[in-house]
Amino acid sequence: MIRKAANFLITICLIPFFAAAARAAGGAEIGNGSDDELRFGAAWFGIPERAIKVCYERGDDFPITDAEARRAIQEAFAVWERYARAKPQLGISSRVSLTYELKEKCGENTIFVREDDLVINFGGMDHIIAAAKSRYENPLAFSHRQTFNAETGWGKGLIWIAPPGSVDKASGLPDWSAK
């Protein structure tokens, strides 16, 4: 059950990475053209031929094995790739990277940003996650873009998934063991 829940949350949190490319390809208005729109509305990984360097970390109390975490990540990316290829009219596959490299270990954590393109964090906490999490009230999960280079169309960021019992302590939510 934990792998399915993690897969769902990762899939949902991948939306910001690819959504802007779909909107742009469909000719929809993307915004007012401001710097904020470029910073926050653009697809994170806008170089189709470049693989996204993905890694994951687990908090001590998060009930997922390494094998389950890896499988959840692989399944989430597979969902997005199938969607992009099934909807060629959206132009997603020609505008963003759909390939990824799932690393064995995350790279160094600098003061402001990781060296990896995307860090998926299962319930852990560091200063980068704490700063991003402070923008929400008891999030179940969130995606956070840390950097974006408008010239290259490439960004870096993270997906964070709340540890068990951390959102609502009284009810024990989230309960990743629930069936």
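Search the whole structure for aromatic pairs and you get seven. Rings of Phe, Tyr and Trp (its six-membered ring) pair if their centres lie within 6.5 Å, with planes under 30 degrees apart called stacked, over 60 edge-to-face and the rest tilted. Keep in mind that this is a predicted model, where local features need pLDDT of at least 70 and side-chain atom pairs count only at pLDDT 80 or more, while totals for chains, interfaces and linings use all residues. Residues are numbered from 1 along each chain as its sequence is written, and side-chain values use heavy atoms, with hydrogens and water left out.

A pair of aromatic rings is described by the distance of the centres and the angle of the planes. Take Trp 80 and Tyr 83: their centres are 5.9 Å apart and their planes make 80°, an edge-to-face pair. Both residues belong to helix 4, three residues apart, or about one turn of the helix. The cut-offs are under 20% relative accessible area for buried and over 50% for exposed, with partly exposed in between (1.4 Å probe, protein chains only). Elsewhere, Tyr 56, Phe 62 and Phe 122 make up one aromatic cluster.

Charges meet rings here too. Arg 50 has its charged end over the ring of Trp 154, 4.1 Å from the centre, and Arg 145 lies over the face of Phe 148 at 4.3 Å from the ring centre. To qualify, NZ of Lys or CZ of Arg must be within 6 Å of the ring centre and within 35 degrees of the ring normal.

The protein has six helices and five strands, running α-α-α-β-α-α-β-β-α-β-β from the N terminus. These are DSSP runs numbered from the N terminus: helices are H or I with at least four residues, strands E with at least two.

The five strands form an open sheet, ordered 2-1-3-5-4, with mixed pairing; two strands pair if DSSP finds at least two bridges between them. Strand 2 (100–102) and strand 4 (141–149) are the edges, each pairing on one side only. Strand 1 runs parallel to strand 2, joined by three bridges, and parallel to strand 3, joined by five. Along the way, Lys 53 stands opposite Glu 101 in strand 2, and Tyr 56 has Ile 120 in strand 3 as its bridge partner.

What sits inside? A nonpolar core is a set of buried Ala, Val, Leu, Ile, Met, Phe, Trp, Tyr and Cys residues joined through side-chain atoms within 4.5 Å. The largest one has 19 residues, and Ile 52, Val 54, Tyr 56, Ile 73, Leu 118, Ile 120 and Phe 122 touch the most other members. Strand 1 (52–58), helix 4 (66–86), strand 3 (118–122) and strand 5 (154–161) each supply at least two residues of this core. A second, separate core has ten residues, including Ile 129, Ala 132, Phe 142 and Trp 160. Across the 179 residues of the protein, 45% count as buried.
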